[in-house]
Amino acid sequence: MQLGTRWTAGSQPPASVPAELRETIAKVEEHLLEGPKPGWTLTWLEGRPIAELDTGVTVSLAPDGRAVVGHIDGMDDDER
């Protein structure tokens with residue numbers, strides 16, 4: 001895994017965030033509740049970018065190049 005960078009939801013993603021993920025990240029952010037905004041972490045796994053929100057929501061690229069939304073399994077409600 002290659003470490004990437006962090007940024008706060010609602011702010012401009014860093015230049016290192018691939019263009020293919022940006023629109024989907026913005027759509028996820030539209031559904032965030034009012035209050036303190038969680039952070040995103042960009043990492044790379046097997047050459048593919050994964051943006052993970054502190055809530056466990058992920059945005060990654062499918063093998064066909066589409067951005068897909070997922071969730072980190074196994075997170076307790078206390079971790080969200």
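Author: Helices (H or I, at least four residues) and strands (E, at least two) are DSSP runs, numbered from the N terminus. The model is predicted: local features need pLDDT of at least 70, side-chain atom pairs count only at pLDDT 80 or more, and totals for chains, interfaces and linings use all residues. Residues are numbered from 1 along each chain as its sequence is written, and side-chain values use heavy atoms, with hydrogens and water left out.

Reader: Where does Ser-60 lie?

Author: Ser-60 is part of strand β4, which covers residues 57–61.

Reader: Is Ser-60 buried or exposed?

Author: Ser-60 counts as buried, at 18% relative accessibility. Buried means under 20% relative accessible area, exposed over 50%, and partly exposed in between (1.4 Å probe, protein chains only).

Reader: What does Ser-60 touch?

Author: Leaving aside residues up to four places away in sequence, Ser-60 touches Leu-21, Pro-49, Ile-50, Arg-66, Ala-67 and Val-68. Contact means heavy atoms within 4.5 Å.

Reader: Turning to helix α1, which residues are buried?

Author: In α1 (residues 19–29), the buried residues are Leu-21, Thr-24, Ile-25, Val-28 and Glu-29. Seen down the axis, they fall within an arc of 145° (taken from the directions from the helix axis to the C-beta atoms), so they line one face of the helix. The face turned away from that buried side carries the exposed residues Ala-19 and Glu-23.

Reader: And which strand holds Arg-48?

Author: Arg-48 is in strand β3, residues 48–53. Arg-48 is partly exposed, with a relative accessible area of 39%. Not counting residues up to four places away in sequence, Arg-48 touches Thr-43, Leu-61 and Pro-63.
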